[in-house]
Amino acid sequence: MAVNLVNLEAVGKVYGTRALLDGVSLGVNEGDRIGVVGRNGDGKTTLIRILAKLEDTDDGRVTHSGGLRLGVLTQHDSLDPAATIRHEVIGDLADHEWAGNAKIRDILTGLFGDLHLPGFTHGLDTVIGPLSGGERRRIALAKLLIAEQDLIVLDEPTNHLDVEGISWLAGHLRARRSALVVVTHDRWFLDQVCTRMWDVQRGDVHEYEGGYSDYVFARAERERIAATEEVKRQNLMRKELAWLRRGAPARTSKPRFRIEAANELIADVPPPRDNAELMKFASSRLGKTVFELEDVSVQAGPKVLLKHLTWQLGPGDRIGLVGVNGAGKTSLLRALAEAARTQGETQPVAGRVTVGKTVKLAYLSQEVGELDPALRVLEAVQQVRERVDLGKGREMTAGQLCEKFGFTKEKQWTPVGDLSGGERRRLQILRLLMDEPNVLFLDEPTNDLDIETLTQLEDLLDGWPGSLIVISHDRYFIERTTDRVHALLGDATLRMLPRGLDEYLERRQKVIEAATPAPAQQTAAPKKAAAVNRAAQKELQKIERQLDKIGDKETKLHAQIAENATDFEKVAGLDAQLRELTSEKDELEMRWLELAEDA
């Protein structure tokens, strides 16, 4: 029988006049992998903070098993800004010790791309203070995963990770023995990792067996049986169920729910998109030409991101654009958007972009556009248009579209300045759609959106007739809303991938393997040292002593830098000494690894 790690008994939590949790009783056992879903503001984060004893309850109690080793990743890290990445993640381990640890190597490579942390100026010796929130989150996650835990609690761990990083994290968590509770809107991740789901709704928590797909099946069946009055939500759930059953049946981890019942639920639900009809309508709105690129090169500063690109986006095309960070995804969209804005007058550094005469582009960037904070939500939407034509005779008022995106009649009169980050993102998408574009560029549209809002957006895009390019790390969203995947693999070319994101991850893995020297992990084992010849043994021992001394010197230098943080001249001198030590250490480590590998 599985050992109980955490128990919640009749837990209640009230904020103001609103009960986020009302008499909730739950348990987490050894081996559990629990995904937490629900609308933004319904209490997901509050639930896991109470579970981890980071927040007190108003009623009930929370019990942890004796000696519970608990690791928590919250929305805000507790890293020391004066410390280096090495100090926070690796601790006091000498380089030859952690470099010989397969688990540590795997975590650093999985989260940062390489043992030397290529995205950071000084690698492991980069000071944390000036780093971005996303970089700090990855560091905090690496620190947590390197430690041994009985239970890991993660709040939005996939934020700031790319497709490869998310795929690696899913595999890593599946292989761990730790129990897991995770809040995330990444539905692919939930399907890969979780075996149970907690759905937080209006003060209550509903439990379901299986991953996200199983949860969709069970919730649709439950709502049918309960004959819920929330017709819109039920219909959306049935539509998503239809997509999961017809389009990707392998997503369900186990046939926990009767396939007959699932098929009965979707018997009268049409496919999510009538591609032929949408293509026909898009062609009538756009003509034959949307964007045509001929021998185009795209640059960001001095860096050439794309070379000799000949490609076209046709009417009704739905493209998912993926690629390594810095490969040029956003830069490509910006180049196309600029050509559209100036009606072809602004061109890339080389080649030509031809823009269709009827193109009306809406571009959702990663930055949330500034609006007058005194404007009400409804006013901000009506500012664009009072009504919107959704095609095929469908029309919506600004208020109806607001409701579809989770802005209730009361919420529509909230000042923009009082909205959360996710709500502002929703409003930004709303305003774009109200302008009736026929081409949509969406750059990371899922940021800050909860699963219910994502489902609403997907439903709206299902019937939207136009050309679409989506950049996203949300694999589920890309597969749900687009028909083809193109990839930037970092070699200045754009490739169409017939097998989608699976093919992208396979190609990336081959690139990494080709660039990575043969691993030396097995050579660091103490037992192997006995087989090393006497001269090599002496040299290994000598190097280890030198590395220990360098480690002591580095610690002192970091302390001095922290003490003299305001004396820029002194810090510059200390930093120069630190770089010299780092260079010396790198040479010694390379020699140590060569000797160990020979052994």
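A residue is called buried when its relative accessible area is under 20%, exposed when that area is over 50%, and partly exposed in between, using a 1.4 Å probe and protein chains only. The model is predicted: local features need pLDDT of at least 70, side-chain atom pairs count only at pLDDT 80 or more, and totals for chains, interfaces and linings use all residues. Residues are numbered from 1 along each chain as its sequence is written, and side-chain values use heavy atoms, with hydrogens and water left out.

**The chain as a whole**

- The protein chain contains 21 helices and 20 strands; helices (H or I, at least four residues) and strands (E, at least two) are DSSP runs, numbered from the N terminus.
- Of its 599 residues, 52% count as buried.
- The accessible surface of the protein chain is about 28400 Å², and carbon and sulfur atoms account for 49% of this area; the areas come from the Shrake-Rupley method with a 1.4 Å probe, and for residues only the protein chains shown count as cover.
- Among contacts (heavy atoms within 4.5 Å) between residues at least 6 apart in sequence, 69% join residues at least 24 apart.

**Nonpolar cores**

- A nonpolar core is a set of buried Ala, Val, Leu, Ile, Met, Phe, Trp, Tyr and Cys residues joined through side-chain atoms within 4.5 Å.
- In soluble globular proteins, nonpolar side chains tend to be buried together.
- The largest such core has 70 residues, and those with the most contacts inside it are Phe291, Leu293, Leu313, Ile469 and Tyr504.
- Helix 15 gives the most to this core, contributing 6 residues.
- A second, separate core has 48 residues, including Trp98, Ala142, Ala170 and Cys194.
- Beyond its neighbours within four places in sequence, phenylalanine 291 is in contact with several residues, among them Trp311, Leu313, Val353, Val355 and Phe441.

**Helix 15**

- Helix 15 covers residues 421–434, and 14 residues at 1.5 Å a residue should span 20 Å, which agrees with the 20 Å between its end C-alpha atoms; the expected span is 1.5 Å times one less than the number of residues.
- This helix is mostly covered, since 11 of its 14 residues are buried.
- The buried residues of helix 15 include Gly422, Arg425, Leu427, Ile429 and Met434.
- Glutamate 436, which follows helix 15, has a positive phi near 50°.

**Strand pairing**

- Two strands pair if DSSP finds at least two bridges between them.
- Strand 10 (residues 291–300) and strand 11 (residues 303–313) run antiparallel and are joined by 7 bridges.
- Valine 298 stands opposite leucine 306 in strand 11.
- The hairpin of strand 10 and strand 11 has 2 residues between the strands, and glycine 301 takes a positive phi near 65° there.
- Strand 10 also pairs with strand 13 (residues 350–355) in the antiparallel sense, over 5 bridges.
- Serine 297 stands opposite alanine 350 in strand 13.

- Methionine 197 lies in strand 8 (residues 196–201) and is buried, with a relative accessible area of 0%.
- Methionine 197 and isoleucine 34 are 163 residues apart in sequence, and their C-alpha atoms are 5.4 Å apart in space.
- Not counting residues up to four places away in sequence, methionine 197 touches residues including Gly35, Val37, Tyr208, Tyr212 and Tyr215.
- Threonine 446 lies in the loop between strand 17 (439–443) and helix 16 (451–462), and counts as buried at 3% relative accessibility.

**Positive phi values**

- Most residues other than glycine have a negative phi, and most peptide bonds are trans.
- Alanine 10, in strand 1 (residues 4–15), has a positive phi near 45° and is partly exposed, with a relative accessible area of 40%.
- Histidine 160 is in the loop between strand 6 (151–155) and helix 6 (163–175), and its phi is positive, about 75°.

**Aromatic pairs**

- Rings of Phe, Tyr and Trp (its six-membered ring) pair if their centres lie within 6.5 Å; planes under 30 degrees apart count as stacked, over 60 as edge-to-face and the rest as tilted.
- By this rule the count comes to 6 aromatic pairs.
- Phenylalanine 112 and phenylalanine 120 form an edge-to-face pair, 5.8 Å centre to centre with 75° between the planes.
- Phenylalanine 112 counts as buried at 8% relative accessibility, and phenylalanine 120 is buried at 6%.
- Tyrosine 208 and tyrosine 215 form an edge-to-face pair, 5.1 Å centre to centre with 75° between the planes, and both are buried.
- Tyr208, Tyr212, Tyr215 and Tyr476 form one aromatic cluster.
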